[in-house]
Amino acid sequence: MDDLIVKTIIRIVTPFIYLYGTYIILNASASPGGSFAGGAIMGSAIVLYTIVFGLAKAEKKVPDRLGKLKREVLLCFILMAFVVVFMGYDVLQLREAGAYQIAYGEKVQVEMLSLVNMGIAFKVAVTLISLFHVFIKEDH
Amino acid sequence: MKKFFIPLVFLGLLGIMFISVMELPAIGDPENPSQNEVADYYIENAIDDTKTPNTVTAVLKYYRGIDTLLEAGVLFTSIVAVISVLRGNEKKRSIKEE
Amino acid sequence: MEFLEIIMDRINYFGAATLLVIGLYTVLTHPNLLKKVIGLNIMETAVFLFMVSVGYVAEGNAPILGTVKEPITASYVNPLPTAMILTGIVVAVSITAYALSLIIKIYEVYGTVELDEILEMRGE
């Protein structure tokens with residue numbers, strides 16, 4: 001797409017879309033939104049970049065090594081599996097040990113950098129970007 | 001005859017679904033069967049159990065974490081399936097062309 | 001008047017049923033494969049609308065509690081169907097991507113995406 005106005009606007013707007021997605025992922029435990037929505041926003045930023053600037057420039061931003069790194073990606077998913085299992089394991093037993101009991105009127109310490117949230121968001125963003133790149137590569 | 005037969009079948013299906021929908025309980029009634037003790041437990045204990053005020057994230061992350069894990073497997077399988085369908089035998093094709 | 005009230009209390013369910021029948025009609029009668037995928041997506045939307053409507057509570061808040069713990073007095077919407085629907089949307093995206101990739105392969109082999117033409121070619 002060779003249009004100066006569209007290119008300039010997208011070049012200005014893309015960092016703010018990233019920033020918005022990052023904010024939603026960091027605040028996924030406390031505010032409306034959640035990690036699925038944040039991952040979709042960050043993925044759609046790169047999809048927008050690909051539509052305007054073309055595939056060759058976008059692949060410099062996101063290297064398309066997924067076809068060669070299948071085994072490593074599978075290992076990453078299994079690692080995330082264990083993270084989810086250990087963090088969500090046996091909530092009731094934790095409660096009986098008095099781990100998280102909070103009294104009325106007390107301020108809740110919300111976890112900001114949650115590994116599971118970032119994993120879910122990463123998963124959604126990677127899926128959107130790689131599917132779009134694979135489909136658009138068929139045209140060339 | 002065939003031209004009118006297919007829409008008639010779908011209209012009949014729509015009528016059957018409307019009649020069955022009339023038997024469901026009304027939307028928004030707090031006494032619905034879907035508002036059972038599971039939802040009450042999630043809302044009352046989400047902060048104590050998981051320190052997460054957003055209840056939907058609490059359900060996704062902690063109470064049903066294995067569900068979310070297998071969903072990651074579904075996404076990974078879909079990526080691998082699309083890549084292998086679209087360019088599974090790219091090498092073979094290039095060898096043949098040579 | 002009572003009949004109208006019954007309908008207005010279940011208007012989301014009626015919309016879901018109508019969307020489901022529209023999607024089923026598209027899937028079963030159109031010969032174009034891309035339109036079949038669109039019909040499949042309409043049916044998925046109908047199921048999502050139905051399940052989200054099941055969890056709604058009249059005049060209930062969104063299920064996001066404050067950062068200060070307080071006793072629960074207000075009524076909240078059921079959070080479980082919303083979480084289930086998030087899972088369902090992700091699965092719907094994967095199914096759509098896989099179907100589209102199969103359609104691309106079919107177009108490369110046969111040169112068309114019309115199902116009746118493909119069946120004619122295979123019959124000969």
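A residue is called buried when its relative accessible area is under 20%, exposed when that area is over 50%, and partly exposed in between (1.4 Å probe, protein chains only). By this rule, buried residues make up 38% of the 140 residues in chain A and 43% of the 98 residues in chain B. The model is a predicted one, in which local features need pLDDT of at least 70, side-chain atom pairs count only at pLDDT 80 or more, and totals for chains, interfaces and linings use all residues. Residues are numbered from 1 along each chain as its sequence is written, chains are lettered from A in the order in which they are written, and side-chain values use heavy atoms, with hydrogens and water left out.

Chain A holds six helices and zero strands, where helices (H or I, at least four residues) and strands (E, at least two) are DSSP runs numbered from the N terminus. Chain B comes to five helices and zero strands.

The interior can be followed through its nonpolar cores, each a set of buried Ala, Val, Leu, Ile, Met, Phe, Trp, Tyr and Cys residues joined through side-chain atoms within 4.5 Å. The largest of them has 14 residues, and the members that touch the most others are Phe36(A), Tyr42(B), Val59(B), Tyr63(B) and Ala83(C). At least two residues of this core come from each of α6 (115–137) of chain A, α3 (55–63) of chain B and α4 (79–110) of chain C, with α3(B) giving the most, five residues. Not counting residues up to four places away in sequence, Phe36(A) touches Ile120(A), Lys123(A) and Val124(A) in chain A, Leu60(B) and Glu71(B) in chain B, and Leu86(C) and Val90(C) in chain C. Apart from this core lies another, of eight residues, among them Leu131(A), Ile79(B), Val82(B) and Ala97(C).

Helix α4 of chain C also holds Thr96(C), which is buried because its relative accessible area is 17%. Leaving aside neighbours within four places in sequence, Thr96(C) is in contact with Val37(C) and Asn41(C).

Ile5(A), Ile9(A), Ile12(A), Val13(A), Phe16(A) and Leu19(A) make a nonpolar surface patch of about 620 Å². Leu19(A), placed in helix α1 (residues 4–26) of chain A, is exposed because its relative accessible area is 57%.

For chain C, an unreviewed UniProt entry gives the annotation "transmembrane region" to residues 12–28, 40–58 and 78–100, although such annotations may be inferred rather than shown by experiment. Residues 12–28 of chain C are 100% helix and 0% strand, with end C-alpha atoms 24 Å apart.

How values were computed
Contact means heavy atoms within 4.5 Å. Patches are made of residues with over 30% relative accessible area and no salt bridge: like charges are joined within 9 Å, nonpolar side chains (Val, Leu, Ile, Met, Phe, Trp, Tyr) within 5 Å. Accessible areas come from the Shrake-Rupley method with a 1.4 Å probe; for residues, only the protein chains shown count as cover. A salt bridge is a side-chain nitrogen of Lys or Arg within 4 Å of a carboxyl oxygen of Asp or Glu.
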